[in-house]
Amino acid sequence: MVSLETSLHARYFKFCLNMLPAEVASQDATRMTIAHLCLVGLATLGKLNDVLSAKQRSEMIDWIYAQQIPNCQPGYGGFRGGSLFGPHDCCKYTPANSGNLAATYSALCALLLLGDDLSRVDKPAILKTLKCLQQKSGTFAPHPGTNERDPRFIYCACAISSILGDWSGVNKDAATEYIVSCCNYDGGMSQVPFQESHGGHLYCCVASLSLMGRLDMLPDQQRTLRWALFRQNGGYQGRVNKVPDVCYSFWVGASVKMLGGQDLVDAGAAVSFIKRCESDIGGLSKWPDYQSDPLHAALGVVGFSFCEPDLFPRISPELLLPYSIVDGLKSSKAS
């Protein structure tokens, strides 16, 4: 049986929570996402409580809440990507000091992974922001003042709504219509209608539909599953005729899982490819013999867990959170 170097990877995730390696220091503005990835990586390895003390978890929770946008106007609520630009009252660059859907999703996930109850989250501001950022087409912008909009931010909006247990900020019909318009003849899904099918956008579309309870709205679910399964060539590739990349162990692997095709995966080949991408210093790289980074490390570990479910805690493919947390959210909403 192939296994991962769990202690080595746990040390790598802990290191990245404290200080980014030089190779990824340029991503400091997205530290919130990196925190979520490192924490879910530790949780998947079953090492989260072993690596972080109660004091460290408390300090991280306080740091995350410090990134919540205070006293914001409608459309600017939520969490920013990190503290790179300094305190809120000193940052005059609006895009860096407004709520961002990706950062808000990551902040909520990180808080839950750290054991927080979300009691300090400004839910009304976030829900108002979702309403402001949804476009007439049904898709979402990540933050005000940008033309960027695609299924990535539909997914973030759906994940945020699911975590908060309130869908009042999302027009589900419009979002579903946009997702369906991104379905291609080959079964894959694209960033915008009529573009190339892509594994990352496949995940965002499939996970969004699953979270909305509308997976049956896919025009041809079996064709979509077939496209995803055909992306496996040892590891998973993100597009046709591309080399395998560890991150698609999650993006495509999770899509296969949500579509009910996990039994059709060559699990041995998938874990063998992931194993070949392990670094001697910890973490995983996108390709063998390449530098590791937090994103590929975390998504590779989760993708590995899909193929070896008896070795690790179960992770939700829809939310990238342990099922123990997801089940707790469902229980709290029901009570």
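Let's begin with two tyrosines: Y105 and Y155 are both buried. Before I go on, please remember that this is a predicted model.

So how do the rings of Y105 and Y155 sit relative to each other? In general, you describe a pair of aromatic rings by the distance of the centres and the angle of the planes. Here the ring centres of Y105 and Y155 are 5.5 Å apart and the planes stand at 80 degrees, so we call the pair edge-to-face. For edge-to-face, the planes have to be over 60 degrees apart. Y105 belongs to helix α5 and Y155 to helix α7, residues 151-164, so this pair ties together parts that are 50 residues apart in sequence.

One aromatic cluster takes in Y105, Y155, Y203, F250, W251 and F306. Across the structure, the count comes to ten aromatic pairs.

While we're around α5 and α7, have a look at helix α6, residues 123-133. Which residues of α6 are buried? They are A125, I126, L127, T129, L130 and L133. And what do those buried residues pack against? The answer is α5 and α7.

Now for the charges. As a general point, side chains of opposite charge can pair when their charged atoms come close. How many salt bridges does the structure hold? Eleven. One of them joins the side chains of R31 and D28, at 2.8 Å from N to O. There is also a network of salt bridges linking E5, K275 and E278.

Two of the bridges deserve a bit more time. In one, R239 meets E196, with the closest N and O atoms 3.2 Å apart. This pair links distant parts of the chain, 43 residues apart: R239 is in the loop between β2 (235-236) and α11 (248-258), and E196 is in the loop between α8 (172-181) and α9 (199-211). R239 counts as partly exposed because its relative accessibility is 28%. E196 is partly exposed as well, with a relative accessible area of 46%.

The other one is K286 with D245, where the closest N and O atoms are 3.8 Å apart. K286 lies in the loop between β3 (284-285) and β4 (292-293), while D245 is in the loop between β2 and α11, so the pair ties together parts that are 41 residues apart in sequence. Is each partner buried or exposed? K286, at 23% relative accessibility, counts as partly exposed, whereas D245, at 8%, counts as buried. The cut-off for buried is under 20%.

What else is D245 in contact with? Leaving aside neighbours within four places in sequence, D245 touches Y236, F273, K286, W287 and H296. Two names on that list turn up together again: K286 lies over the face of W287, at 4.5 Å from the ring centre. Elsewhere, the charged end of R231 sits over the ring of W227, 4.7 Å from its centre.

For those of you who think about cysteines, C307 is in helix α13, residues 294-307. Buried or exposed? At 14% relative accessibility, C307 counts as buried. Setting aside neighbours within four places in sequence, C307 is in contact with Q262, A267, A270 and V271.

F85 is found in the loop between α4 (54-66) and α5 (101-113), and at 41% relative accessibility F85 counts as partly exposed.

Last item: backbone angles. Most residues other than glycine have a negative phi. N71, though, has a positive phi, near 45 degrees, and lies in the loop between α4 and α5. N71 is exposed, with a relative accessible area of 82%. N241 also has a positive phi, near 70 degrees. You'll find N241 in the loop between β2 and α11, and N241 is exposed at 76% relative accessible area.

To come back to where we started, the buried tyrosines are Y105 and Y155, and their rings meet edge-to-face.

Key. Residues are numbered from 1 along each chain as its sequence is written. Side-chain values use heavy atoms; hydrogens and water are left out. Helices (H or I, at least four residues) and strands (E, at least two) are DSSP runs, numbered from the N terminus. Buried means under 20% relative accessible area, exposed over 50%, partly exposed in between (1.4 Å probe, protein chains only). Rings of Phe, Tyr and Trp (its six-membered ring) pair if their centres lie within 6.5 Å; planes under 30 degrees apart count as stacked, over 60 as edge-to-face and the rest as tilted. A charge sits over a ring if NZ of Lys or CZ of Arg is within 6 Å of the ring centre and within 35 degrees of the ring normal. A salt bridge is a side-chain nitrogen of Lys or Arg within 4 Å of a carboxyl oxygen of Asp or Glu. Contact means heavy atoms within 4.5 Å.
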